[in-house]
Amino acid sequence: LGNQLESADYSEPALKNWVKREIKEYIGAPQVGRKYSIQQVALLFIVKDLKVLLDFEAIRKILGSIFNNPVEREDDIISPLHFYNAYSCLYEQLVNQTELLSEENIKEEIQQYLQKEEGFTEEDKGKIFAALMVAILAVRTNFLKAWAKRYVMDGKGKE
């Protein structure tokens, strides 16, 4: 499933390493028989996006600020699936609005999103804001990295 995402390059050993060592405390054991739940898969997608920009220590800090016990998702500030959907939709909206993603553009879009969301305390909104900012920057970094690779690999990219 992960390899269907744009710019995804998952190797089975890398995923196993992430799950068993690097982010074990956030993923937990498979929750649907011997398979991972949709929330756990969303966490893997989030880690994939963040990995282009951050090391695992920083990723754990971001995950720890908004997600808690993997067995009880109810104690998360925001569910992994909701968070993944939020930053992917926000990124899409930003890209459709402007070619240049400035810090102010991103902040404004996140603030508008959080104003519409109910059930979060101001403290929780601050944590979600920071995590969304990092996730959107990571997605943009991944886009720029793929764009640069096109020029390196085959000299293409001219329109």
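With a relative accessibility of 49%, Glu-103 counts as partly exposed. Keep in mind that this is a predicted model. Glu-103 has a partner: its side chain meets that of Lys-107 in a salt bridge, 3.4 Å from N to O.

The structure holds three salt bridges. Side chains of opposite charge can pair when their charged atoms come close.

Another of these pairs is Glu-123 with Lys-127, whose closest N and O atoms are 3.5 Å apart. You'll find both in helix α7, four residues apart, or about one turn of the helix. Glu-123 is exposed, at 55% relative accessible area, while Lys-127, at 32%, counts as partly exposed.

Then there's Lys-48 with Asp-49, where the closest N and O atoms are 2.6 Å apart. Are these two buried or exposed? Lys-48 and Asp-49 are both buried, so each has under 20% relative accessible area.

Charged pairs aside, have a look at Phe-143, Leu-144, Trp-147 and Tyr-151: together they make a nonpolar surface patch of about 370 Å². Leu-144 is placed in helix α7, which spans residues 122-154. With 40% relative accessibility, Leu-144 counts as partly exposed.

Methods
Residues are numbered from 1 along each chain as its sequence is written. This is a predicted model: local features need pLDDT of at least 70, side-chain atom pairs count only at pLDDT 80 or more; totals for chains, interfaces and linings use all residues. Side-chain values use heavy atoms; hydrogens and water are left out. Patches are made of residues with over 30% relative accessible area and no salt bridge: like charges are joined within 9 Å, nonpolar side chains (Val, Leu, Ile, Met, Phe, Trp, Tyr) within 5 Å. Accessible areas come from the Shrake-Rupley method with a 1.4 Å probe; for residues, only the protein chains shown count as cover. A salt bridge is a side-chain nitrogen of Lys or Arg within 4 Å of a carboxyl oxygen of Asp or Glu. Helices (H or I, at least four residues) and strands (E, at least two) are DSSP runs, numbered from the N terminus. Buried means under 20% relative accessible area, exposed over 50%, partly exposed in between (1.4 Å probe, protein chains only).
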